[in-house]
Amino acid sequence: MIHKKPLVSIITAMFNGQDTLDDCYRSVISQTYKDFEWLVVDDQSTDHSFEMISNLPDSRIRLLQTSANTGGPAAPRNLAVDNSKGEFIAILDQDDIWDPDKLERQLYFMEKNRDIGFLSCNMRVIDDCAQRVTRAAIRKPGLRYPDANDIYRENPFLSSAIILRRFIIEDIGGFDERPEVCGRDEWELAIRVSLKYRAAFNGDHIAGSYRSHQRNLSLAISPSFGMNYLRNKHDHRFPDSLVRDVRGRDCYNIARAALNSGEMDVFEEQISTAASYRSYYKWKGLFLKYKKYCQLR
């Protein structure tokens, strides 16, 4: 059966990406599925990113610019969506690289599974020079259909492997632009999507390469930053037992990071709060490490 090819709008939030944009661009124009537009929104870069995209010879590329630096990808992504034409929206971060059949395989899946509104796939990890694979896959293999509870618990998706139906993002109101969500805006979006629509994660499909480097926004975000805002925004939508579970684990993760960095006051506060939510046996290891730390002082 011959299906009409849907138009895809690829959206990229760009800020000082001159070192990785060329690889990103080449992965876009190498797609086996050609019926797309690529909206790149420059968030007032101070390097040569804007000029680089301006000079690319492809009519499918549309370059936009924010009026002022917004400090995160959410506002540029919303600007891209507002100016897009596609039936599908596909996210691509400026430092990541798609495999040539990424769009084709995802669109085939979405056409066969019209009840799925939001899809993400797996990605490998490469080093900063994009010459060495350091991890064959970020997530475990297998096709899963996480529900709202699963997605609220933790983010099962990878931003540069996300594709969703345009009408859905319009229906739920786009990305949250609050500073507290910076680095987690696609996760927050996924929570809202999952409350009304069905999502899927295909761990068997490696959609491309995630570039690991010190400038990764995900690495710059502390375990505590924005988590209270995200939880407060959505706690009322989920069972109390689940809320207590995830709140306890959030505190545990903050405590672990604080212990590793020597912030003992933060550790003591967070591990006590975590224990008030859930008394997990694995937390014993942190207490023993803390006790050893105190003995060495």
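Analyst: In this predicted model, Cys 251 has a relative accessible area of 9%, and because the limit for buried is under 20%, Cys 251 counts as buried.

User: And Cys 24, buried or exposed?

Analyst: Cys 24 is buried as well, since its relative accessibility is 0%.

User: OK, let me step back to the overall fold. How many helices and strands does the protein have?

Analyst: There are twelve helices and ten strands in the protein. The protein has 297 residues, of which 51% count as buried, and it exposes about 14,700 Å², with carbon and sulfur atoms supplying 50% of that area.

User: What share of the contacts is between residues 24 or more positions apart?

Analyst: If you take the contacts in the protein with a separation of 6 or more, residues 24 or more positions apart account for 77% of them.

User: Now α9. Which of its residues are buried?

Analyst: Helix α9 covers residues 227-234, and its buried residues are Met 227, Tyr 229, Leu 230, Arg 231 and His 234. Those buried residues pack against α5 (148-153), α7 (185-194) and α10.

User: Take α10 then, at what angle does it pack with α9?

Analyst: The angle between α9 and α10, the latter spanning residues 240-261, is about 175 degrees, and their axes are 11 Å apart. Because an angle over 145 degrees counts as roughly antiparallel, that is how α9 runs relative to α10. On the α9 side the contact is made by Met 227, Asn 228, Arg 231 and Asn 232, and on the α10 side by Val 246, Arg 247 and Asp 250. By class, the residues of this contact of α9 with α10 are two nonpolar, two polar and three charged.

User: And α7 with α9, parallel or antiparallel?

Analyst: Helices α7 and α9 pack at an angle of about 10 degrees with their axes 11 Å apart, and they are therefore roughly parallel to each other.

User: Which residues meet there?

Analyst: From α7 come Trp 187, Glu 188, Ile 191 and Arg 192, and they meet Met 227, Leu 230, Arg 231, Lys 233 and His 234 of α9. The contact of α7 with α9 divides into four nonpolar, one polar and four charged residues.

User: What else does Arg 153 touch?

Analyst: Leaving out residues up to four places away in sequence, Arg 153 touches Trp 187, Arg 231, Leu 242, Asp 245, Val 246 and Arg 249.

User: Last topic, backbone angles. What is phi for Asn 16 and Gln 44?

Analyst: Asn 16 has a phi near 50 degrees, which is positive in a residue other than glycine, and Gln 44, also not a glycine, has a positive phi of about 60 degrees.

User: Where do they lie?

Analyst: Asn 16 is in the loop between β1 (8-14) and α1 (21-29), and with 29% relative accessibility it counts as partly exposed. Gln 44 is in the loop between β2 (36-42) and α2 (49-54), and it is partly exposed, its relative accessible area being 29%.

Terms used: Residues are numbered from 1 along each chain as its sequence is written. This is a predicted model: local features need pLDDT of at least 70, side-chain atom pairs count only at pLDDT 80 or more; totals for chains, interfaces and linings use all residues. Side-chain values use heavy atoms; hydrogens and water are left out. Axes are lines fitted to C-alpha atoms, for helices over the stretch in contact, and angles run from 0 to 180 degrees between N-to-C directions. Helices (H or I, at least four residues) and strands (E, at least two) are DSSP runs, numbered from the N terminus. Angles under 35 degrees count as roughly parallel, over 145 as roughly antiparallel, 65 to 115 as roughly perpendicular and the rest as oblique. Contact means heavy atoms within 4.5 Å. Ala, Val, Leu, Ile, Met, Phe, Trp, Tyr, Cys and Pro count as nonpolar, Asp, Glu, Lys and Arg as charged, and the others, Gly among them, as polar. Buried means under 20% relative accessible area, exposed over 50%, partly exposed in between (1.4 Å probe, protein chains only). Accessible areas come from the Shrake-Rupley method with a 1.4 Å probe; for residues, only the protein chains shown count as cover.
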